[in-house]
Amino acid sequence: MSNDPLLQPYRLKHLTLRNRIMITSHEPAYPEDGMPKDRYRAYHVERARAGVALTMTAGSASVARDSPPVFNNILAWKDEVVGWMKKLADECHDHGCAVMIQLTHLGRRTRWDKADWLPVISPGHEREAAHRAFPKKMEDWDIERVIGDYVDAAERMKAAGLDGIEIQAYGHLMDQFWSPLTNDLDGPYGGSLDNRLRFTFDVLRGIRERCGEDFILGVRYTGDEDLPGGLTAEDGIEISRRLKDSGLVDFLNVVKGHIDTDAGITDTIPIQGMRNAPHLEFAGAIRKATNFPTFHAAKIPDVPTARHAIAAGLLDMVGMTRAHMADPHLVRKVIEGREDDIRPCVGANYCLDRIYQGGMAFCLHNAATGREETMPHSIPAAPVKKRITIVGAGPGGMEAARVAAERGHEVTVFEAADQPGGQIRLTAQDERRREMISIIAWRQAMCDKHGVQFRFNTFAEMEDVLATEPDEVVIATGGLPHTEVLEQGNDLVCSAWDILSGDVKPGRNVLIFDDAGDHAALQAADLISATGAAVEIVTPDRSFSPEVMAMNLVPYMRNLQKRDTSFTVTWRLMSVAREGNQLRARLGSDYGDFTRERIVDQVVVNHGTRPLDDLYFELKPLSSNLGEVDYEALTTGGLQEVRKNPEGRFRLYRIGDAVAARNTHAAIYDALRLVKDL
């Protein structure tokens, strides 16, 4: 048996977990009609098959009709959930993986205009900033009803054959009772800590009475709200002791912080540029104070950190949830001694940010996550070896090279720069986003392992491509910034890329026109404002930076709001003209014939990219498919069989920003779903 602390079994009550690595409860927003159907099951089964000990499904599975999900959670209050959860549990069990689920009532953390339009409830009237609903203060019949809802939902999970459940108590109804900031009730459920915990223990007792002593039951809770007037770390220790001493729970799953604001949830679930495992020592203090099974997850992205958490006795089970979105085979690679092959989580938080905007969770650089039914995590060998030539070594080109090489093809990559990376390398110059370079570094390592030939410092011409005698050509040349968007003065502006690359020095009084809404404008604003310059970001949108999304916005705002920066929405940059040694910028409105002017010394435009596609169009008439892609085959997993030009010597495709300005995930997904079948 291995001496690796992570690979030691752990006994939780009667349940033996095969190692110390778990996937904590999270909602990837894959349910269909509120049920964990095939996509959901395939996601968890992939990770179970690869060796994880415990998969905790369904972050925030709703126990009640008046707890409507705001990001497509499982509806645990419906009887039909039993059959779907049983299929998931049975298949994970077949692979030796334990299965639990997180149950909750969202309380005020939802909206009244969702689902059945029932009032939001909470033990007080204070609304949550994130979801903005003013709750009804719960009455006695509400409390009695919801306790029953928890118990009924737990019984459904037992009937489905799950190994256990955890109750969610951070930011949701359960700890809305706990916190003095949200509980305005009089006794017996308000006032003293005893009273504020009464609802929790009523729920736990009800579950125990209905489901029995053998059904594993835990609580995932905040041990410190880190808010003035809220629950303190001392309160958290006391609550932890009371949970243990009650004899009603079998494990504690500890978090720290609050999730009622974008800033709060980002500190609780940190993203790139923030410290790894920031709450690990706090979780360890809870374990030391209680001597009770303790689980924890919060930006534990790498195996050495996870190993330390177990070896140092800080945790009994370590959660590596986003790490398993990046690489579902993480545990298998640890077991096989292949830790260097693990695809790293880069903390980009594309997964969570998409959920909070109503989308499914997808990993920025693993396009197979959430698409397990159609996309492979392990690349199958090709039946016939081919010569595949790729032009461009950005994220799309590198993924195409990796997948083609793992298929067993002979792969050549041309890249104009002296190293791979494309826009990722530009992004990673920002210290806060340096983790992004791992997207490229991992692919470079995989390509090197499989013998990909790179030709750097080569601006590929048609003759270079043809000289490789390719069977398939993939153009992944990306795009260049598009700044010619003005009625007048296009020659007087620079691009956000110019600022980020250092090709243009920041001004002292700068207007940034952001008509793309992505990271580039905010990165430029961050860099410029750090010099002491005044910066105004202007956008025609009704909100700024909509593509950056909530949690990724937080670190930018923490920098920008302490500097001389401002945001102006619903105004469009129309023209720029010289005025002495300054620039006169004229703004217009999409809402009417209105104008404003600014006098600045620099104008930066962020308007996305235009494809760098000259080579593609030169090669197109020589290709057998004339560049055409069968979209039906591409999206359903079929083979590309377009043959338009019998004289063509190769098939030609283009991906990523070489097609149109999109994002890193789109480029990687383009590459994976195309090249996996070439």
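A: Burial comes first: buried means under 20% relative accessible area, exposed over 50%, and partly exposed in between (1.4 Å probe, protein chains only). The model is predicted, so local features need pLDDT of at least 70 and side-chain atom pairs pLDDT 80 or more, while totals for chains, interfaces and linings use all residues. Residues are numbered from 1 along each chain as its sequence is written, and side-chain values use heavy atoms, without hydrogens or water.

The structure holds 51 salt bridges (a side-chain nitrogen of Lys or Arg within 4 Å of a carboxyl oxygen of Asp or Glu).

Take glutamate 579 and arginine 584. Their closest N and O atoms are 2.6 Å apart. Glutamate 579 has a relative accessible area of 34%, so it counts as partly exposed. Arginine 584 is also partly exposed, at 27%.

Aspartate 142 pairs with lysine 136, at 2.8 Å from N to O. Aspartate 142 is buried, because its relative accessible area is 1%. Lysine 136 is partly exposed, at 23%.

Aspartate 341 meets lysine 449, with the closest N and O atoms 2.7 Å apart. This bridge joins distant parts of the chain, 108 residues apart. Aspartate 341 sits in the loop between helix 11 (330–335) and helix 12 (350–356). Lysine 449 belongs to helix 15 (residues 437–449). Helices (H or I, at least four residues) and strands (E, at least two) are DSSP runs, numbered from the N terminus. Aspartate 341 is buried, with a relative accessible area of 10%. Lysine 449 counts as exposed, at 51%.

A cavity is a set of points on a 1 Å grid over the protein atoms alone where a 1.4 Å probe fits but cannot get out, and its lining residues have an atom within 4 Å of a point. Volume is the space filled by probe spheres set on the points, joined across faces, edges and corners. The whole structure contains four cavities of 30 Å³ or more.

The largest cavity holds about 550 Å³. It is lined by 36 residues, and Ser25, His26, Tyr170, Ile269 and Leu352 are the closest to its centre. Strand 4 (54–62), helix 7 (262–268), helix 10 (321–326) and helix 12 each give at least two lining residues.

The second largest cavity holds about 90 Å³. Its lining has 14 residues, with Cys345, Asn349, Cys351, Cys363 and Leu364 nearest the centre. Helix 10 and helix 12 are the elements that give two or more of these residues. Helix 10 supplies the largest share, three residues.

Now the whole fold. The protein chain has 22 helices and 27 strands. Its C-alpha atoms fill a box of roughly 75 × 65 × 45 Å along the principal axes. Of the 678 residues, 59% count as buried.

Terms used: 1 Å grid on protein atoms, 1.4 Å probe; cavity = no way out; pocket = protein on both sides within 12 Å on 5 of 7 lines; lining within 4 Å.
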